[in-house]
Amino acid sequence: MSAPRDLAAPVTGAAGRFLAGVGLFLRGLGLYVRSPGLMLLGVVPALLSGVLFVTAFATLVYFVDDLAALLTPFADGWSATWRGLLRVVAGLALLGLGGLLAVVAFTAVTLVIGDPFYEKISERVEERYGGTPNAVDVPFWSSLRRSAADSLRLVALSVLFGVPLFAAGLIPVVGQTVVPVLGAAVGGWVLAVELTGAPFYRRGKRLPERRAALRADRPTALGFGTAVFVCFLIPLGAVLLMPAAVAGATLLARRVLGQPTTEG
């Protein structure tokens, strides 16, 4: 009987590479489950950040009806049925936009808060697969400033894409089918770029080089990022799975840079 196929092994075709990206996240999850120390390192900063963002999203849910009415004043003169339907759709679009921005911002803030913890997780994964070629020594404060600046740019990018997605979310049928898929793809791409920061910094590579490397294997990056994005939408998923996402992102970085992702 042949050995089971490695989900992160080289594959061809966009669909196969997308699934390979999902496989990298699953492998990160496996490393996380088998390493209780990684769990303890990564959960604390994610928990602190999670309390903040759960509170913010709960506030959005509480006021979503008022916000939907505020954003659709042109419907005040419509019949109660059509006005109510529009504002339900607007409320759902607001929650979708809020979810996208919350996941991206949560990841950015958590990576900044827990920078030394996630750096250690990433380093341990690298050591397991042969170490970091041409590693550079990045001072802590320099790394933190760079991570914060990059995260702000990526959150701004999410807002730039999120606003048109919100507007498209008001379109019947399209807003409830196509837009969530596009939102997951946008969120997944941003998460892939965010989470691979540590292994790229360790090699002396900045954000433009990171984006270029991930674009060269976009389906794999999207597969990884979309899997993380969907899991982060599950209650407590972002808090509990953040270390696994960092571990998987390190494997993604190694893959797109042409470095080994298998032991031995």
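Let's start at helix H8, residues 207-215. Leu207, Arg210, Ala213 and Leu214 are buried there. Look down the axis of H8, and the buried residues fall within an arc of 125°, so they line one face of the helix. Here is the background. An α-helix has 3.6 residues a turn, so residues three or four places apart point the same way.

One caution before I go on. This is a predicted model.

Now the whole protein. How many helices and how many strands are there? The count is 10 helices and zero strands. From the N terminus on, the elements read α-α-α-α-α-α-α-α-α-α. The C-alpha trace spans about 70 × 45 × 35 Å along its principal axes.

What about burial and contacts? Of the 264 residues, 48% count as buried. Residues 24 or more positions apart account for 79% of them. The accessible surface is about 13000 Å², and 72% of that belongs to carbon and sulfur atoms.

Next, salt bridges. The count comes to eight. I'll pick out a few.

Begin with Asp217. Its side chain meets that of Arg17 in a salt bridge, 3.0 Å from N to O. This pair links distant parts of the chain. Asp217 is in the loop between H8 and helix H9 (218-233), and Arg17 is in helix H1 (residues 14-33). They are 200 residues apart. Is each partner buried or exposed? Asp217 has a relative accessible area of 12%, so it is buried. Arg17 comes to 22%, so it is partly exposed; the cut-off for buried is under 20%.

Asp217 has another partner. It forms a salt bridge with Arg255, with the closest N and O atoms 3.6 Å apart. Again the pair links distant parts of the chain: Asp217 in that loop, Arg255 in helix H10, 38 residues apart. Arg255 counts as buried, at 16% relative accessibility.

Now over to Glu126 and Arg254. Their side chains meet in a salt bridge, 2.5 Å from N to O. Glu126 is in helix H4 (residues 115-128), and Arg254 is in helix H10 (residues 237-256).

Methods. Residues are numbered from 1 along each chain as its sequence is written. This is a predicted model: local features need pLDDT of at least 70, side-chain atom pairs count only at pLDDT 80 or more; totals for chains, interfaces and linings use all residues. Side-chain values use heavy atoms; hydrogens and water are left out. Buried means under 20% relative accessible area, exposed over 50%, partly exposed in between (1.4 Å probe, protein chains only). Helices (H or I, at least four residues) and strands (E, at least two) are DSSP runs, numbered from the N terminus. The arc is that of the directions from the helix axis to the C-beta atoms. A salt bridge is a side-chain nitrogen of Lys or Arg within 4 Å of a carboxyl oxygen of Asp or Glu. Contact means heavy atoms within 4.5 Å. Accessible areas come from the Shrake-Rupley method with a 1.4 Å probe; for residues, only the protein chains shown count as cover.
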